[in-house]
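Me: I have a structure to go through before class. Could you help me read it, one feature at a time?

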Amino acid sequence: MMYTFPERGLSEEMVTDLLREMRGRDCSYDHLLSTMCTRPHPVAVRAYTMFLETNLGDPGLFPGTAEIERRVVGILGSLLGCSDAAGYISTGGTESNIQAIRAARNSSGRRDGNIVVPRSAHFSFDKIADLLNLEVRKAELDDMLRVDVGDVERLIDERTVCLVGIAGTTEFGQVDPIEDLAELAIENNIPLHVDAAFGGFVLPFLDRNYHWDFRVDGVQSITIDPHKMGMSPIPAGGLIFRSSDPVRRLETETYYLTVARQASLTGTRSGAAAAATYAVIMHLGTDGYRRVVRRCMEMTEHLVSEARAMGVEPVIEPVMNVVALKIDDPPGVRRALLERGWHVSMTREPKALRLILMPHMTEENLDLFLDDMKDVISSTRS
Ligand code: 0PR
């Protein structure tokens, strides 16, 4: 198939028909248990469209939008235990992680450094190794799939420019021992970055209290993504620093813009994500997010108890709304579930079936899924 630039434009109806056909081929969130994104909140969608033409790359032209971004950074900072935080709204977890590590690398003054990350770190850290010319040292996990702090300590040397802990691992939703990592960071005078791309909008709203954010001394920066559990439209990421000093290490001079310096990775960047995030946070409040997270956790508990009734155990007791189930032949089960219309995913080590209970899941759809999973699992056994 060859696609060409049309000589004469089509009517808007024809274009809409073309779009509708393609959009119809996409999967519906109703059947997705493999994604960490969700349908954005309608309030966020309306805010997004209101700010479509804004550009935070030249914030002097959009002072209102820039003020919204400052407010969101402030709100996320205080959610994470720091009332005068700095940072910006990025395109997602990958950009936030890149920039957090870049800030740490630049502060160190080294160009031949390394970072120590848990083996469970998201693949964005492999991109970072490539982009920033850093060696990424991967520390082993304990039997609860949290990073082994002794192994982190062993991997630190004079070239280490940053330590990374994860609050909500991509595959298992586990939280690393951030306090122990922070102690190591302080002892060695290295910053600690916490990747809470997923967990950032979950942990503060759980009944159980984890110590993982700016309330822990030594945590320099946190990745927290509104486009995952924050219910904002894609692309909305958060990069929050305890102070503005590391942000300055990211700045370049901008000559002809309305501001003299720019710290973001991208130049031209939409203010829509910041506006959408602000809108949904102001609309839901702590109360609303607690309700969202409680529902996801209730579905998680229901799924685990139904799995147990099928004789299937989770790899770890779920901390958040991510479940990994120990089953025989995860690829086969995944395929069979896909034939029934369900998208699930798998973990690498140990190999397990991975299910994420996002806000778009309903109790009714979860029960339909569980019926299918029961059939599939019993047929793999017979
Ligand atoms: N850090 C953690 C802990 C993550 O889980 C993720 C993404 C990132 C960083 C990177 O974030 P961005 O993808 O926003 O750059 N975790 C999921 C993953 O890659 C994201 C995802 C979303 C996966 C939707 C599938 C999907 O359908 O596995």
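**Reading the model**

Reply: We can begin with Met14, which lies in helix H1, residues 12-25. Please keep in mind throughout that this is a predicted model.

Me: Is Met14 buried, partly exposed or exposed?

Reply: Met14 counts as partly exposed, because its relative accessibility is 45%. Met14 also belongs to a nonpolar surface patch of about 450 Å², together with Leu10, Val15, Leu18 and Leu19.

Me: And where do nonpolar residues gather on the inside? Which residues have the most contacts within the largest nonpolar core?

Reply: They are Val152, Leu163, Leu192, Phe198 and Trp212, in a core of 69 residues. Several elements each supply at least two residues of this core, among them helix H2 (42-50), helix H6 (149-155), strand E5 (192-195) and strand E6 (219-223). As a general point, nonpolar side chains tend to be buried together in soluble globular proteins.

Me: Which element gives the most to that core?

Reply: That is H9, with 14 residues.

Me: Let us turn to H3. How many residues does it have?

Reply: Helix H3 covers residues 63-79 and has 17 residues. From first C-alpha to last it reaches 24 Å, close to the 24 Å expected at 1.5 Å a residue.

Me: Which residues of H3 are buried?

Reply: The buried residues in H3 are Thr65, Ala66, Ile68, Glu69, Val72, Val73, Leu76 and Gly77. For background, an α-helix has 3.6 residues a turn, so residues three or four places apart point the same way.

Me: What covers the buried residues of H3?

Reply: The cover includes strand E1 (86-90), strand E7 (237-241) and helix H9 (272-309). Just after H3, Gly81 takes a positive phi of about 90°.

Me: What about the peptide bonds? Which ones are cis?

Reply: The bond from Ile234 to Pro235 is cis, with omega near 5°. Pro235 is found in the loop between E6 and E7. A cis peptide bond also joins Glu349 and Pro350, where omega is about -5°. Pro350 is found in the loop between E11 and E12.

Me: New topic: charges. How many salt bridges are there?

Reply: The count comes to 27 salt bridges. In general, side chains of opposite charge can pair when their charged atoms come close. One of these pairs is Asp225 with Lys228, at 2.6 Å from N to O, and both Asp225 and Lys228 are buried.

Me: What about Asp26 and Arg23?

Reply: Their side chains meet in a salt bridge of 2.8 Å, N to O. Asp26 is partly exposed, with a relative accessible area of 44%, whereas Arg23 counts as exposed at 56% relative accessibility.

Me: And which parts does the pair of Arg348 and Glu171 tie together?

Reply: Arg348 and Glu171 form a salt bridge of 2.7 Å, N to O. Arg348 lies in the loop between strand E11 (345-346) and strand E12 (353-356), and Glu171 lies in the loop between strand E4 (160-166) and helix H7 (178-188), so the pair ties together parts that are 177 residues apart in sequence. Arg348 counts as partly exposed at 47% relative accessibility, while Glu171 is buried at 13%.

Technical notes
Residues are numbered from 1 along each chain as its sequence is written. This is a predicted model: local features need pLDDT of at least 70, side-chain atom pairs count only at pLDDT 80 or more; totals for chains, interfaces and linings use all residues. Side-chain values use heavy atoms; hydrogens and water are left out. A salt bridge is a side-chain nitrogen of Lys or Arg within 4 Å of a carboxyl oxygen of Asp or Glu. Buried means under 20% relative accessible area, exposed over 50%, partly exposed in between (1.4 Å probe, protein chains only). Helices (H or I, at least four residues) and strands (E, at least two) are DSSP runs, numbered from the N terminus. The expected span of a helix is 1.5 Å times one less than its number of residues. Contact means heavy atoms within 4.5 Å. Patches are made of residues with over 30% relative accessible area and no salt bridge: like charges are joined within 9 Å, nonpolar side chains (Val, Leu, Ile, Met, Phe, Trp, Tyr) within 5 Å. Accessible areas come from the Shrake-Rupley method with a 1.4 Å probe; for residues, only the protein chains shown count as cover. A nonpolar core is a set of buried Ala, Val, Leu, Ile, Met, Phe, Trp, Tyr and Cys residues joined through side-chain atoms within 4.5 Å.
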